[in-house]
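Q: Please take a close look at a single part of this structure. Show me how the pieces there meet.

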Amino acid sequence: MLFVIIALSVVLVVLLTAVLKLHPFLSLLIGAFFMGIASGMPLADVVLSVNEGFGGLMTNIGIVIVAGTIIGVILEKSGAAYRMAEVVLRLIGEKRPQLAMSIIGYIVSIPVFCDSGFIILSSLKKALAKRAKVSIASMSVALATGLYATHTLVPPTPGPIAAAGNIGAENYLGTIILIGLVVAIPAAIVGYFWAVKVAAKIEVPEDTVKSGDLSYEEVIKSFGEMPSTFKAFLPIALPVLLIGAGSIASVLGGEDGLTNTVRFLGSPTVALLFGVFAAFLLLPKWNEETLSGWIGEGLVSAAPILLITGAGGAFGRVITNSGVADLIGGMDLSALAGGSLFLLIPFFIAAALKTAQGSSTAALVITSTLVAPLLPSLGVEGAVPLALVVMAIGAGAMTVSHVNDSFFWVITQFSGMKVTDAYKAQTVATLLQGVTTIVFTMILWTILV
């Protein structure tokens, strides 16, 4: 009966968000209270569990999410995203424009939301498509799938961070970033090939009609003086390097001053704050507009993510305190233990939630709260196994992007594709990305665990 109540609470959240269009924050809170009351928890304990779940998750990852969002806003407004794009274009060459766009998306979406990344790079994408004489649809899908790969798999994007916090892996963010960067590669590659083989055959009006859009050179010049390559990449590279060094120091052990300092600098909160400070080097001027206005925009962008993530934590705590962990602990799960097949459970849950309600972040948050009680019973613990669980959830959160996903509409509106063409080009591409990612994750589990 408890599993039935859990299923009903998830269905309730999906109905509230997908059908009634209620904000996921309130949907998750309502689902949490429904779960607690329906499972027979004392009313006082329901309130306590909601508060503890919300606050506990914010304690671990709240500042990390805010810092990551601020970095993304500064990269966008300072022109650093354009500089990174230009560097990739120079390295890859204009003979492979779709590959260049895929790599650009892969890099930019690590700190920047995929929706924002697609919008800010849209003019560059169109200019390069015209210069290389390739389909705008193929460039759009290459960029979109590159953005999508790291958006669902690599911190400091909020979704993977929230998933890590929910399953108790917030101390292993260095490992999750490293494995996420690796797992996102085949996801981006399959998106690139789909863009070249399928999306390239789709024609949009701008392919045949001469427009007044700026050329590639004009797009670059119109942004004014852009930051240097070093400054542009530093806000992304520095936190990743610090977290990686901190993870290595934790594995090696030791209590000397140097090791403790490296661990301190490598803690996600400190590392992301250093990323913010590195982003300050990108500010065209230090005044109220940038130091308060731009950062204020980052805080506004972070607010809904914090609320959704916190509400997901509350939902997860209520499920845990309802007794489901004890129930799972008494079940015979030996058939799943030790093998990679159990990764299909979080994958299918996340895929069902993503397809039903549209938000990858919400799918990551809800799924991680649901599978967290299952992991101890299966003996899933430690950096690599938990990181691969996050990858499995992220794979499901890719599957699939369609009309209830804001990213789908950003792609159609900024590329000129018809909805039917976008289903063929973008929706199927995300399906292939999700399947490729879960298969690759299961292979890594077999090799590494």
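This is a predicted model: local features need pLDDT of at least 70, side-chain atom pairs count only at pLDDT 80 or more; totals for chains, interfaces and linings use all residues.

A: Lys125, Leu128 and Ala129 of helix H7 meet Ile136, Met139, Ser140 and Leu143 of helix H8. Contact here means heavy atoms within 4.5 Å. Residues are numbered from 1 along each chain as its sequence is written, and side-chain values use heavy atoms, with hydrogens and water left out. Helices (H or I, at least four residues) are DSSP runs, numbered from the N terminus.

H7 covers residues 122-132. H7 and H8 pack at an angle of about 135°, and their axes lie 9 Å apart. Axes are lines fitted to C-alpha atoms, for helices over the stretch in contact, and angles run from 0 to 180 degrees between N-to-C directions. H7 and H8 are therefore oblique to each other. The cut-offs are these: under 35 degrees is roughly parallel, over 145 roughly antiparallel, 65 to 115 roughly perpendicular, and the rest oblique. H7 passes H8 in a right-handed crossing. Right-handed means that the near helix is turned clockwise from the far one by less than a right angle.
The residues of the contact of H7 with H8 divide into five nonpolar, one polar and one charged. Ala, Val, Leu, Ile, Met, Phe, Trp, Tyr, Cys and Pro count as nonpolar, Asp, Glu, Lys and Arg as charged, and the others, Gly among them, as polar.

H8 (residues 136-151) also packs with helix H21 (residues 406-415). Their angle is about 150°, with the axes 10 Å apart. That makes H8 roughly antiparallel to H21. Again the crossing is right-handed, H8 passing H21. From H8, Ile136, Ser140, Ala144, Leu147 and Tyr148 make the contact; from H21, Phe407, Ile411 and Ser415 do. Six of these residues are nonpolar, two are polar and none is charged.

His151 is buried, with a relative accessible area of 7%; buried means under 20%, exposed over 50%, and partly exposed in between (1.4 Å probe, protein chains only). Not counting residues up to four places away in sequence, His151 touches Ser109, Phe113, Cys114, Thr157, Pro160, Ser360 and Thr361.

Last, the confidence. The chain averages a pLDDT of 84, and 92% of the residues score at least 70. pLDDT is the predictor's confidence in each residue, from 0 to 100.

Terms used. Helices (H or I, at least four residues) and strands (E, at least two) are DSSP runs, numbered from the N terminus.
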